[in-house]
Amino acid sequence: MTLEEFKTKVLSIIEEYSDGADELTEDEDIAAKMNSCINTILSEMARYKKIDAYTTMEVTKGQNIALNEIDSNIYQLNLIRGIDYETVGNRVKFNEDGKAEIYYYKYPTQITEETSDDFKMELDLEALEIAVQGVCGLILASDISNQYGNIYTNMYREKIQMLDSRKSMPSVYISGGIDI
């Protein structure tokens, strides 16, 4: 899903979508805070439905690095393959020389006013569909004349509770049968 498609969903739900408008809406206040609200909710959603990332590094025995040296957007280290290592807090110490295959989770790319509408969103579709409700709630939170902000925020929170955070299902195959 692109940023423009995401914005269109949000604006359609809150009934502020305008096909001919430059910012997809004629409401300047909503247009001004749209990207900021999207960024806030996507950063929160990335804690529930993590964004996988991978890199490799040539390392030396005794090298001790901070997690943000792997990636400035790192959220959480998953695992490192191909080399013996230890983690302590937010640091990794390598116990041998070699190529480290690093699997980790990262925060989504920041959505700013300069982010192009054709930007491809990084979260899974399931998480993005829930995030739409969160953005609707955040945009309407300051409108005290109605409770729509609270309604969308509550729907968002309820859907987060049902979100399946797994990326894959582990399975076991037993060949040749088993004796009990």
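Reply: Start at Arg91, which is found in strand 5. This is a predicted model, where local features need pLDDT of at least 70, side-chain atom pairs count only at pLDDT 80 or more, and totals for chains, interfaces and linings use all residues. Residues are numbered from 1 along each chain as its sequence is written, and side-chain values use heavy atoms, leaving out hydrogens and water. Helices (H or I, at least four residues) and strands (E, at least two) are DSSP runs, numbered from the N terminus.

Arg91 counts as partly exposed, because its relative accessibility is 34%. The scale works like this: buried is under 20% relative accessible area, exposed is over 50%, and partly exposed lies in between, using a 1.4 Å probe and protein chains only. Strand 5 covers residues 91–94, and Phe94 belongs to it too. Phe94 has 0% relative accessibility, so it counts as buried. What lies 5.5 Å from Phe94, C-alpha to C-alpha, although 33 residues away in sequence? That is Lys61. Arg91 gives another kind of distance: Cys136 is 45 residues away in sequence and 38 Å away in space, C-alpha to C-alpha.

A search of the whole structure finds 0 disulfides, a disulfide being a pair of cysteine sulfur atoms within 2.5 Å. Cys37 is in no disulfide, and its nearest cysteine sulfur, that of Cys136, is 10 Å away. Cys37 is buried, because its relative accessibility is 8%. Cys136 is buried as well, because its relative accessible area is 0%.

Now the aromatic rings. A pair of rings is described by the distance of the centres and the angle of the planes. Rings of Phe, Tyr and Trp (its six-membered ring) pair if their centres lie within 6.5 Å; planes under 30 degrees apart count as stacked, over 60 as edge-to-face, and the rest as tilted. The structure holds 2 such pairs. One joins Tyr54 and Tyr103, with centres 4.8 Å apart and planes at 50 degrees, so this pair is tilted. Tyr54 is partly exposed, because its relative accessible area is 44%. Tyr103 is also partly exposed, at 28% relative accessibility.

Tyr75 and Tyr107 form an edge-to-face pair, 5.2 Å centre to centre, with 70 degrees between the planes. This pair, too, links distant parts of the chain: Tyr75 is in strand 3 (residues 74–81), Tyr107 in the loop between strand 6 and helix 3 (125–140), and they are 32 residues apart. Tyr75 is partly exposed, because its relative accessibility is 27%. Tyr107 is partly exposed at 31% relative accessible area.

Arg81 lies over the face of Tyr103, at 5.9 Å from the ring centre. Such a charge sits over a ring if NZ of Lys or CZ of Arg is within 6 Å of the ring centre and within 35 degrees of the ring normal.

Next, the loop between helix 1 (3–13) and helix 2 (28–48), where Ala21 is found. Ala21 is buried, because its relative accessible area is 17%. Ala21 and Lys50 are 29 residues apart in sequence, and 34 Å apart in space, C-alpha to C-alpha. Glu15 is placed in this loop. Glu15 is not a glycine, yet its phi is positive, about 60 degrees. Is Glu15 buried or exposed? Glu15 counts as exposed, because its relative accessibility is 70%. Leu24 is in the loop as well. Leu24 also has a positive phi, near 70 degrees, in a residue other than glycine. Leu24 counts as buried, because its relative accessibility is 6%.
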